[in-house]
Amino acid sequence: MPLKVNYGVDYNDDYNVYEDDNYHYDDLYEYENEKRDITHQTKAKQEVIRTGAWRCPICTYDNEDSMSECDICGALRNCLVRISQTGDSTAGGGRCKSSGASVMVKSLFASFRHRAPAKSVAFEAKNDAVLIEDAFIIRRNFQEFLRAFSSQKHQNINIAPFKFDSPSPDDLVSTRLHSSKLDSKANFKRLSSLDMSTREREKNILIESELGTEGPNSSSASVARDGGVKERDFASDCGIKPEILVSRMRSVSLSSKSRTGNVNEETGTSNLEYKPEAWMIPDQAEDRLSQLNLAIVGHVDSGKSTLSGRLLHLLGRISQKEMHRHEKEAKQQGKGSFAYAWALDESAEERERGITMTVAVAFFNSRKYHVVLLDSPGHRDFVPNMISGATQADAAILVVDASMGSFEAGLDPIGGQTREHALLIRSFGVDQIIVVVNKMDVVEYSQERFEMVKQKLGTFLRSCGFKDSSVLWVPASSMENQNLVATPDERLFSWFHGPCLLDAIDSLQLPARDYSKPLLMPICDIIKSQSQGQVSTCGKLVTGAIRTGSKVLIMPSREVATIRSLERDSQACKIARSGDNVTVNLQGIENNHVTAGGVLCHPDFPVRVSNHLELKILVLDIKIPILSGSQLELHIHHAKEAATVVKILSLLDPKTGKVTKKSPRCILAKQNAVVEVVLQGSVCVEEYAESRALGRVSLRSSGRTVALGLVTQIMKTQ
Ligand code: GTP
Ligand code: MG
């Protein structure tokens with residue numbers, strides 16, 4: 001049953017312009033039939049067998065014999081020995097199996113190297129309640145972390161592990177590691193429910209007095225952040241009658257913590273209309289390169305980190321000395337080919353396993369841009385980290401491995417990350433993409449192979465909503481330095497006369513920046529300081545601007561802090577505006593009031609917080625239908641929460657957006673639907689009509705992205 005489809009058209013109104021009437025569902029899923037014929041190329045990653053080592057039963061890392069504590073997770077060797085001597089090394093209830101620590105634990109630990117003992121924790125076994133009194137879970141010294149990253153000119157982004165209703169062994173370990181985070185999360189839930197009831201009251205008062213018709217559950221109430229009247233642009237897509245929306249002033253907290261002066265105490269509303277100050281609008285004459293956030297994405301092992309390392313080295317961001325050190329260390333571990341990747345893959349585990357696990361951030365200047373490079377992990381286990389990094393992207397480089405079998409593996413509908421990453425970045429609103437067909441040396445710079453990759457991947461990218469004219473194709477070899485920053489040699493140049501990668505980056509267009517709206521900066525990562533009341537947050541400003549001395553509201557904790565200093569690429573700067581990726585050093589705030597996944601806002605214009613959302617979703621190629629009660633994992637900017645589908649409201653026609661069926665029993669692959677979800681914890685969120693960056697979600701299950709969506713309504717917290 002051939003159906004015309006365009007992934008993008010259904011979840012992003014931008015996508016309308018990319019509509020391709022000649023494209024059929026069958027084309028999109030043709031790869032599924034091919035996958036059985038594909039022989040996956042064996043990964044040439046060498047492992048070095050280490051002697052004189054002891055294996056940590058918590059994280060399974062092989063430590064040197066001389067180490068008294070685990071280099072990865074910091075667990076003390078002696079106490080672990082004692083545990084195994086008591087014969088309790090198997091997992092029970094809250095304990096990890098000695099050899100069974102999952103990738104999530106390893107991912108978590110990987111970002112917590114160089115720890116110092118901090119506090120003791122107790123692991124309770126389900127049956128015999130074994131208490132491990134001496135076990136220390138150790139937190140890193142964040143000051144040291146900051147220094148280390150400043151000197152390296154890049155930083156790693158990691159996000160908190162996902163939590164389900166019944167805690168897994170991973171959760172129990174991570175709970176101990178992130179206890180302060182969880183405390184604040186509990187606080188956050190309390191505050192957010194308070195906030196939502198206030199909001200709902202406020203909304204009802206306004207709706208009743210101004211319209212007198214709308215019920216509290218109307219799915220059309222949506223108001224511009226700046227308080228202006230807006231017509232909901234996607235209401236008709238959802239099959240809902242378009243309505244003129246109520247002009248609503250943004251609510252301001254009524255909690256005793258609120259330090260906002262402009263609050264109407266009766267309604268809890270702010271009567272402010274946002275007007276940007278002069279300094280918030282960039283001066284055209286300002287002599288500064290614009291910042292371009294560039295995500296490097298693609299299937300595992302396609303060469304993303306090697307490409308990033310090479311570029312940084314060629315552009316002088318990695319010194320000869322540093323490169324020499326990476327080469328030497330990589331060779332010593334029997335992984336000489338990873339020398340460039342090691343410039344980005346810093347943790348012991350990333351190096352040992354030869355894969356990227358957390359997003360590495362690095363910077364370089366092209367002729368036109370100050371580029372923020374976000375090197376994503378390609379392994380499917382780390383897609384949540386990839387999502388966190390790539391939500392900041394203005395454009396992306398999709399790296400594909402040209403070698404036989406590897407390219408095909410990337411397009412495999414089951415585990416192909418070329419496919420999943422391309423869909424995800426498109427759903428984050430990225431519409432410009434450079435496809436680097438890497439490892440051309442392996443296929444002897446074959447034009448035929450390049451054209452084949454271009455044809456197959458081109459078809460898929462079109463189906464994701466990428467316009468042909470917004471996709472640039474660059475054949476390259478990171479290993480042999482071909483076509484990265486200069487014209488390649490004869491092997492490529494004999495048939496390819498397009499731009500090299502650096503020129504392709506310069507040909508990208510900067511997306512429109514929104515300076516006219518109040519500040520919104522989703523917090524990607526936090527760096528806690530040892531100094532009382534100081535915390536650093538990293539992220540990209542979605543809207544608005546900040547400068548040293550500005551006050552910011554930290555959501556969801558609702559605390560106000562002052563900006564002590566700002567850093568761009570480890571250099572101090574005075575002002576950061578929409579689109580800038582910065583480190584914001586805050587003062588006057590306790591560590592536990594700032595969480596990754598939170599948002600920095602203008603004090604008078606807080607972001608909304610809820611755990612109950614109405615979503616318009618596009619379901620991907622799933623095998624198990626989505627039902628009412630389905631448990632999924634919801635990702636929104638840098639936050640993720642367990643989500644339960646509580647209602648399937650309607651199925652939509654993928655072309656027209658009209659309702660085709662009300663209250664269906666389930667949603668199948670490739671269908672569009674409107675659903676209601678309830679999250680385990682509240683998240684900072686905006687309706688898509690108000691903020692695209694804070695109104696886009698992706699839904700995952702069993703390690704796969706199952707649907708992409710937009711927030712169409714923020715509902716009362718459950
Ligand atoms: P993940 O981050 O784990 O997804 O991997 P990645 O995409 O960052 O790949 P990485 O840079 O770690 O490289 C994987 C392997 O491919 C390494 O052995 C590299 O040396 C090799 N590689 C990367 N680029 C090239 C290339 O242009 N040619 C050849 N022959 N090998 C390459
Ligand atoms: Mg990598």
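The model is predicted, so local features need pLDDT of at least 70 and side-chain atom pairs count only at pLDDT 80 or more, while totals for chains, interfaces and linings use all residues. Residues are numbered from 1 along each chain as its sequence is written, chains are lettered from A and ligands numbered from 1 in the order in which they are written, and side-chain values use heavy atoms, with hydrogens and water left out.

In short, ligand 1 has 20 residues around it, and a magnesium ion, ligand 2, is held by Ser305 and Thr356.

**Around ligand 1**

- Ligand 1 has a shell of 20 residues, and Lys304, Thr306, Ser337, Thr356 and Met479 come nearest; a residue is near a molecule or strand if one of its heavy atoms lies within 4 Å of it.
- Sorted by class, that shell has six nonpolar, ten polar and four charged residues. Here Ala, Val, Leu, Ile, Met, Phe, Trp, Tyr, Cys and Pro count as nonpolar, Asp, Glu, Lys and Arg as charged, and the others, Gly among them, as polar.
- Helix α9 (residues 304–314) gives the largest share of the shell, three residues. Helices (H or I, at least four residues) and strands (E, at least two) are DSSP runs, numbered from the N terminus.
- Serine 337 uses a backbone N or O atom, which sits 2.7 Å from an oxygen atom of ligand 1. A polar contact is a pair of N or O atoms within 3.5 Å; within protein, one must be able to donate a hydrogen and the other to accept it, and residues adjacent in sequence count only if both atoms are side-chain atoms.
- Threonine 356 brings a polar side-chain atom to 2.7 Å from an oxygen atom of ligand 1.
- For asparagine 438, an N or O atom in the side chain is 3.2 Å from an oxygen atom of ligand 1.
- On its own, ligand 1 has 650 Å² of accessible area, and the protein covers 93% of that. Accessible areas come from the Shrake-Rupley method with a 1.4 Å probe; for residues, only the protein chains shown count as cover.

- Ser305 (OG) and Thr356 (OG1) coordinate the magnesium ion (ligand 2) at 2.0 Å. Serine 305 is in helix α9 and threonine 356 is in the loop between α11 (348–353) and β9, so to speak a link across distant parts of the chain, 51 residues apart.
- Donors are N, O and S atoms within 2.8 Å of the metal (3.2 Å for Na, K and Ca), and sites may look incomplete because water is not among the atoms.
- Serine 305 is buried at a relative accessible area of 6%, and threonine 356 is buried at 8%. Buried means under 20% relative accessible area, exposed over 50%, partly exposed in between (1.4 Å probe, protein chains only).
- Helix α9 is largely enclosed by the rest of the structure, because ten of its eleven residues are buried. Among them are Lys304, Ser305 and Thr306.
- After α9 comes glycine 316, with a positive phi near 80°.

**Strands β9 and β10**

- Strand β9 (residues 359–365) is mostly covered, with six of its seven residues buried.
- β9 and strand β10 (residues 369–375) run antiparallel and are joined by six bridges; two strands pair if DSSP finds at least two bridges between them.
- A hairpin of three residues connects β9 to β10, and valine 361 stands opposite leucine 374 in β10.

**Buried spots elsewhere**

- Leucine 694 belongs to the loop between β30 (672–685) and β31 (696–701), and counts as buried at 0% relative accessibility. Its C-alpha is 8.2 Å from that of proline 522, although the two are 172 residues apart in sequence.
- Serine 427 is in helix α14 (residues 417–427), where its side chain reaches the backbone oxygen of leucine 424 at 2.7 Å.

**Backbone details**

- The peptide bond from methionine 555 to proline 556 is cis, with omega near 10°.
- Serine 570 is not a glycine, yet has a positive phi of about 65°; at 29% relative accessibility, serine 570 counts as partly exposed.
- Histidine 637 also has a positive phi, near 35°, and is buried at 5% relative accessibility.
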